[in-house]
Structure formats: C-alpha cells, structure tokens
Amino acid sequence: MSTTTDLPRYPFAEPPGQPFGLLSDLDRHRFDGPATKVRLPNGSDAWLITRHADVRAMLRSPAFSADASRPAFPLLRPEPPQRDIDRKGMFIRMDGVDHSRIRRMLTSEFMIKNIRRIEPLIQEAVDNALNDLRDAGPPADLVHHFALPVPSMVICHLLGVPYADHARFQQLSRMLIGLNNPAEEIRTASDELRAYIRSLIDKVRETDPGARGEDLISRLVTERLDTGELDEQEMINIGILLLIAGHETTANMIGLSALLLIQRPEYYAALHENPDLAPGLVEELLRFASIVRSGLPRLAIEDVTIGDVTIRAGEGAIAVLSMANRDAAVFGDGEEFDPYRQAQQHIAFGFGVHQCIGQPLARAELRVALVELARRFPALRLAVAPEELVFRDRAVVFGLTALPVAW
Amino acid sequence: MLSIRVDRDVCVGAGNCVRTLPTVFDQDDEQGLVVLTDPTPPEAQKDLLQEAVDLCPSGAISVE
Ligand code: HEM
Ligand code: SF4
C-alpha cells in the first residue's frame with residue numbers, strides 16, 4: 001500500500017523516445033491495478049480508470065459531472081478560476097439538459113450525411129496542402145504544410161472563420177490546451193480569442209440577414225442569436241470550442257498517423273495499393289495513437305461503483321482513454337499496431353453524452369488525407385533521425401511539433 | 001425478425017449507429033437525433049445490430 005504522500009503523479013511524463021508508448025517502466029511499476037489513485041498537479045487526488053469496460057461505464061454514468069468549475073474537480077493542470085463568460089456555452093464542460101440543449105443545436109451539422117456533402121471541400125484542402133508540401137521540399141515539415149492546414153482550412157470554412165487568421169488563432173488555442181501553461185497566460189489567450197470570435201459575430205450582425213453567408217456562425221447568429229435562443233457569450237464560446245476542437249485534434253492525428261505509417265512501410269504500401277483499406281486503418285490509428293492521452297477528468301457527484309472501486313461523491317476520476325484502448329480484454333494484444341484488427345470498439349472519441357460531436361468530420365479528414373498522402377508520396381520517409389523528432393510537450397492533445405520528411 | 005427501439009431523449013447524435021447499420025438507422029435533419037428507417041431488420045443483421053448497441057455512447061438503442 002502506498003501512503004498518500006507518494007502517490008504517482010499524474011499526468012505521467014511521456015516515455016522518452018516512444019511516442020506510442022503510454023507509460024514509462026517506472027510509472028507502469030507504480031500501478032497497482034485497473035483503478036489507481038494518483039496525485040494531480042494541484043495536489044488533489046483522483047482515481048485513474050483504465051479498463052475499457054470501466055471507462056465506458058464511467059463516461060456513461062450520470063454519477064459523474066464534467067463541470068470543471070465545481071470545487072474539487074480533478075483538473076489536469078492549474079487553471080484560472082472560471083468566470084461566467086468562460087463557462088457559458090462551453091458544452092463540453094456541462095451536464096444534463098444544459099449540455100444537451102446546446103449540443104442539439106449543433107449535432108446535425110456534423111452528421112455523416114452532411115459531412116459527405118463537404119467531402120469535395122476536404123479533398124480540395126488536402127490537394128492544396130499536398131501541393132504546398134511538394135513545392136516546399138524535400139525536405140519539408142509535414143505538420144506545417146499538411147497536418148495542420150487541412151483541418152484548419154476545413155473548420156474555418158465550416159464555421160466562417162477567415163483562414164488568413166490561422167496563425168493568430170492557432171497560437172491562442174495552443175495556449176489554451178497546453179498542460180504547462182501559466183494560468184494568467186491562459187486567461188489572456190482566452191480573452192483574446194473571445195474578442196476575435198466576437199468580432200466575427202459582429203460582422204455577421206452588421207450584414208443584412210438576407211445577405212449572410214451559409215457558414216455555421218452566420219446561421220447560428222440568424223437562427224439562434226437573433227431569436228434569443230443563445231446569448232452572445234454562449235455563441236462566442238461555442239465558436240471557440242468548435243474552432244479549437246475542430247483543428248488541434250485532427251491535425252495531431254494526421255501528423256502522428258504519417259509518422260506511424262512511415263515507420264511501418266508495409267502498411268503504407270498497402271494503403272497506396274488499396275485505398276479501401278483506409279477506413280479500417282483510420283480506426284486502428286485512432287485507437288493506437290489515442291491523442292487525448294491524459295484522459296477525461298470527471299467529478300463524482302454521488303457515490304458510484306466502477307469496476308472494483310467505489311468512488312465517493314466529491315472524488316475525482318480520470319477516464320484514461322489511451323490505456324482503455326490497449327485493454328487486452330477487448331483488443332487482445334493492444335500494444336500491437338494492426339490495421340486489420342477490428343478496432344471499432346476504441347474510445348478515442350470518448351464515450352457517453354460528450355462523445356465527440358465532430359467524429360464524422362475527423363474520420364473523413366483522416367481518410368482523405370492519408371489516402372492522398374500515400375497516393376502522391378509513396379516514398380515518404382523521415383528527414384531526421386527518429387530521436388530528433390519533437391513532440392508537443394504535455395498538452396491535452398498529444399502530437400508532433402514538426403515532422404520533417406523527404407520523398 | 002428483430003425489433004429495435006431507440007430513445008431520442010437519450011440520443012446524443014454521435015452517429016455511430018448510422019455508421020454501423022445505415023439501412024436501419026438515420027439521423028433527422030433538425031436535431032441530428034436517431035430515427036429508425038427499418039425498425040424490424042432481418043435476423044441476418046443481428047451481429048451488426050449488437051455492435052450498434054455496443055457502440056452507442058448514450059445507451060439509446062435496445063433490441064428485443
Ligand atoms: C481525431 C480527431 C478528434 C479526436 C481524437 C477527438 C476527441 C474528442 C473526445 C475524446 C471528446 C470527449 C471529451 C469529453 O468527454 O470530455 C471530444 C468532444 C468534442 N469534440 Fe472531438 N475529437 C476530434 C475531432 C473533432 C473535430 C474535427 C471536431 C469539430 C468540430 C470536434 C469537436 C468536439 C466537440 C465540440 C466536443 C464536445 C462534445 C460534447 O461535450 O458534447 N472534435 N472529442
Ligand atoms: S449511436 Fe446512439 S447516440 Fe449516436 S446517433 Fe445512434 S442512437 Fe444516437
């Protein structure tokens with residue numbers, strides 16, 4: 001039994017040199033079962049839930065709240081105290097009907113059939129980015145020229161955010177999701193991003209309703225803001241959430257997927273030969289990379305039993321998606337990357353009422369991006385030694401800072 | 001013949017059911033919530049149906 005003073009510290013440091021390894025041997029050693037208590041950066045304790053079945057049960061249970069403004073919420077990093085203007089509309093951190101009220105205004109936007117309609121747009125973003133990559137090298141940075149621009153262009157187009165502003169909002173959103181960023185800087189960045197989205201909303205409002213664009217922000221202003229269903233603060237935060245969630249995640253997934261395929265050339269060649277492999281490959285990549293590495297924090301609001309442990313009201317728990325996605329009970333040898341396995345049970349998009357609203361979009365972007373990459377750059381290889389690759393340090397979303405490639 | 005029920009009050013519109021069995025499930029245009037296009041699919045779809053139940057993040061689908 002460990003005493004409270006020497007609980008393992010969480011989030012764990014990424015094991016050096018193993019981008020797809022989840023735990024260093026040291027941290028693995030300190031684990032004493034499927035549910036372990038850990039110490040968070042703010043000094044509080046939380047349960048780590050790591051089995052697939054337990055994570056699903058936890059994320060589906062109404063006994064847990066996602067509202068990070070509650071006292072004792074298990075924050076993965078120190079955060080500035082949440083003000084009303086930070087919280088309103090941020091449905092990723094809401095519970096019950098407050099959450100579903102907003103989520104339902106947006107769900108149909110990202111449905112499979114609507115994403116199918118924008119596939120030509122995704123294809124165009126991919127083509128342009130790959131032309132840019134080709135012109136920039138070899139060698140060239142695949143993250144800068146391809147992984148980041150594709151989802152950014154697509155979400156900008158969907159939302160009605162000028163892509164020309166991408167450098168600015170990307171820098172701000174990095175500040176918002178880094179685990180090591182100081183609280184004051186997080187606050188400044190969020191205020192700046194808020195002012196930016198507000199300016200976009202104001203521009204729509206100044207436009208005659210008949211002359212407004214078809215993008216989501218324009219339509220939300222007309223259908224929800226002008227009608228009083230949403231207030232301005234809610235509208236701003238919805239915009240921020242979609243903008244950040246819509247590009248950071250997919251960008252990191254594209255970059256890591258390219259690296260993984262470079263390191264497993266047999267699968268890259270197979271994709272080049274047969275693009276129909278892409279959907280299954282994408283699921284396995286999502287499972288294996290599990291970019292929301294540190295997991296999803298929740299606060300128990302009533303006593304609840306998850307697997308072997310009873311979690312008391314007021315205790316924090318973290319659903320570790322990445323470890324659940326390697327659970328041998330579901331995936332057999334989960335540490336093995338195998339695009340031919342049935343990976344669809346993975347929970348890289350979470351589970352329960354907050355499960356990723358953008359997953360059809362993310363899947364489509366990944367599929368088109370990887371198929372085209374393999375088609376046009378069949379000889380893709382690293383332009384640096386693997387040890388020189390730089391990963392994003394301890395962010396909510398794991399990924400590569402840069403991926404220098406040649407072809 | 002199988003008999004399926006969906007609970008639109010519980011559904012969160014994640015669309016896993018539509019991806020798994022597009023002949024049985026759809027989402028409406030307004031709220032993106034589940035609708036059944038075939039409430040009594042053939043036995044042959046039993047496994048896929050079970051998969052749709054398993055993958056549904058909100059527990060909105062049940063099979064009788
Ligand atoms: C590979 C790419 C992606 C991954 C791995 C991913 C992962 C996730 C995860 C794990 C959650 C659950 C968070 C929680 O329960 O606390 C989530 C929620 C969310 N995601 Fe994604 N996501 C991706 C792409 C996208 C895209 C492209 C969008 C575009 C709009 C998006 C928008 C959202 C939103 C708005 C939520 C909050 C949903 C809610 O609280 O109801 N995501 N995502
Ligand atoms: S999988 Fe479940 S939550 Fe998602 S659309 Fe289908 S019924 Fe609704």
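Reply: Helix 12 of chain A gives the most to the shell around ligand 1, with 7 residues. Helices here are DSSP runs of H or I with at least four residues, strands are runs of E with at least two, and both are numbered from the N terminus. This is a predicted model, in which local features need pLDDT of at least 70 and side-chain atom pairs count only at pLDDT 80 or more, while totals for chains, interfaces and linings use all residues. Residues are numbered from 1 along each chain as its sequence is written, chains are lettered from A and ligands numbered from 1 in the order in which they are written, and side-chain values use heavy atoms, with hydrogens and water left out.

Helix 12 covers residues 232-263. Helix 4 (96-106), strand 5 and helix 17 of chain A also supply at least two residues each to the shell. The shell holds 27 residues around ligand 1, where a residue is near a molecule if one of its heavy atoms lies within 4 Å of it. They divide into 18 nonpolar, 7 polar and 2 charged. Nonpolar covers Ala, Val, Leu, Ile, Met, Phe, Trp, Tyr, Cys and Pro, charged covers Asp, Glu, Lys and Arg, and the others, Gly among them, are polar.

The residues that come nearest to ligand 1 are His99(A), Arg103(A), Arg298(A), His354(A) and Cys356(A). Cys356(A) sits in the loop between helix 16 (328-331) and helix 17 (359-376) of chain A.

Oxygen atoms of ligand 1 have polar contacts, pairs of N or O atoms within 3.5 Å. A polar side-chain atom of His99(A) lies 2.7 Å from one such oxygen. For Arg298(A), the distance from a side-chain N or O atom to an oxygen of ligand 1 is 2.7 Å, and for His354(A) it is 2.6 Å.

Strand 5, one of the shell's suppliers, spans residues 296-300 and runs antiparallel to strand 8 (residues 316-319) of chain A, joined by 4 bridges. Two strands pair if DSSP finds at least two bridges between them. Leu296(A) stands opposite Ala319(A) in strand 8. Both strands belong to an open sheet of 5 strands in chain A, ordered 1-2-8-5-3, with mixed pairing.

Definitions and conventions. A polar contact is a pair of N or O atoms within 3.5 Å; within protein, one must be able to donate a hydrogen and the other to accept it, and residues adjacent in sequence count only if both atoms are side-chain atoms.
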